[in-house]
Structure formats: C-alpha cells, structure tokens
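Here's a quick briefing for anyone meeting this structure for the first time. Have a look at the sequence and the model, then read on.

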Amino acid sequence: MAVFITHQVSIDESDFTLTATRSQGAGGQHVNKVATAIYLRFDIHKSSLPDKMKAKLLNSNDTRITSEGILVLRAQNHRTQEHNKRDAIKRLAQIIKTSTYEKPVRKPTKPSRSSQRKRMDSKTKSGQQKQLRKKLDV
C-alpha cells in the first residue's frame, strides 16, 4: 500500500518502519499492559522520493531529522495503536509536503492606465478639498 504525498508522488510502506512502545503520561490500569505509542522512522536517503524532494527535506531545519537523514516521529495522542499509526503516517505526509513546497514565482505587473488616471484624479480632488479648508486672506 502506498502513501500519497501529492498526485504524482507517493511513498511505499516499505520506506518507513513503525515500532510500538508504551505511551507516556497517566493512564490508569491499562497503561502498563499495552504498547500504543508509535515510533515512525523514515530513511530519507533510501526512500523512493524524487532526488529534489530528498534534498529539500535534508536541508530543512527540522529537529526530527537525525544527522544520518532519518526522520523520527512519535505518535501517542490516541488510545489505540491503529489510530496512532494513522496519525504518524498522516504527519509524515504533511511534513514532506510542507518542506518541499515551492512558492510560485511572482510575475511583476504594471498598473493599468485607467487605474493610474483614477489615482491621480482622487489625489487632485483631495488636494482641492484641502485648499477649500484654508482661511481666506481679507
């Protein structure tokens, strides 16, 4: 099964590993019996992502990426292991998507002649109003 990042890019489940551990925090009687927290490890170098995406991910200043190029996520928000797995995979896709996003290039535009004319007309009108506010010399 593949995890889709964009319409063209997807990663295979063999690209990351999921490990279950015990969650932190309070939990009552149930906490010491079940390993519900999930560690997701994603090796960027060995992944099936395009090289451009790999480079952007590795150059991002994300503290969850180790010096070996492994992205480590911990999911423990939910009570069940299955929900935490889904959460970790969704967060992985979101991290990849946001770190590889490119802003579109801005095309500089000129104001139209009519907008320039309207601007100048409003400025002259404003100036005339200010002239009318002056006191007359008698």
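Let's start with D87, which lies in helix α2 (residues 81–99); helices (H or I, at least four residues) and strands (E, at least two) are DSSP runs, numbered from the N terminus. Keep in mind that this is a predicted model, where local features need pLDDT of at least 70 and side-chain atom pairs count only at pLDDT 80 or more, while totals for chains, interfaces and linings use all residues. Residues are numbered from 1 along each chain as its sequence is written, and side-chain values use heavy atoms, with hydrogens and water left out.

**D87 and A75**

- D87 counts as buried, at 13% relative accessibility; buried means under 20% relative accessible area, exposed means over 50%, and partly exposed is in between (1.4 Å probe, protein chains only).
- Leaving aside neighbours within four places in sequence, D87 is in contact with A75, N77 and H78, where contact means heavy atoms within 4.5 Å.
- If you skip residues up to four places away in sequence, A75 touches T36, A37, I38, N84, D87, A88 and R91.
- Take R91 from that list: A75 and R91 are 16 residues apart along the chain, and their C-alpha atoms are separated by 9.0 Å.

- You'll find D43 in strand β4 (residues 37–43).
- Is D43 buried or exposed? D43 is buried, since its relative accessible area is 19%.
- D43 and D15 are 28 residues apart in sequence, yet 6.9 Å apart in space, C-alpha to C-alpha.
- The side chain of D43 also reaches the backbone nitrogen of H45, at 3.3 Å.

**Q128, out in helix α3**

- Q128 belongs to helix α3 (residues 113–133).
- With a relative accessible area of 54%, Q128 is exposed.
- Q128 and T6 are 122 residues apart along the chain, and 57 Å separates their C-alpha atoms.

**The chain as a whole**

- How many helices and strands are there in the protein chain? There are 3 helices and 5 strands.
- Reading along the sequence gives the pattern β-β-β-β-α-β-α-α.
- The protein chain is more spread out than a compact globule, because its radius of gyration is 28 Å, well over the 14 Å that the globule rule gives for 138 residues; the radius is taken over C-alpha atoms, and the rule is 2.2 Å times the number of residues to the power 0.38.
- Along the principal axes, the C-alpha atoms of the protein chain fill a box of roughly 95 × 40 × 30 Å.
- Buried residues make up 25% of the 138 residues in the protein chain.
- Of the contacts in the protein chain between residues at least 6 apart in sequence, 57% join residues at least 24 apart.

Note on methods
Polar contact = N/O pair within 3.5 Å; in protein donor to acceptor, adjacent residues only side chain to side chain.
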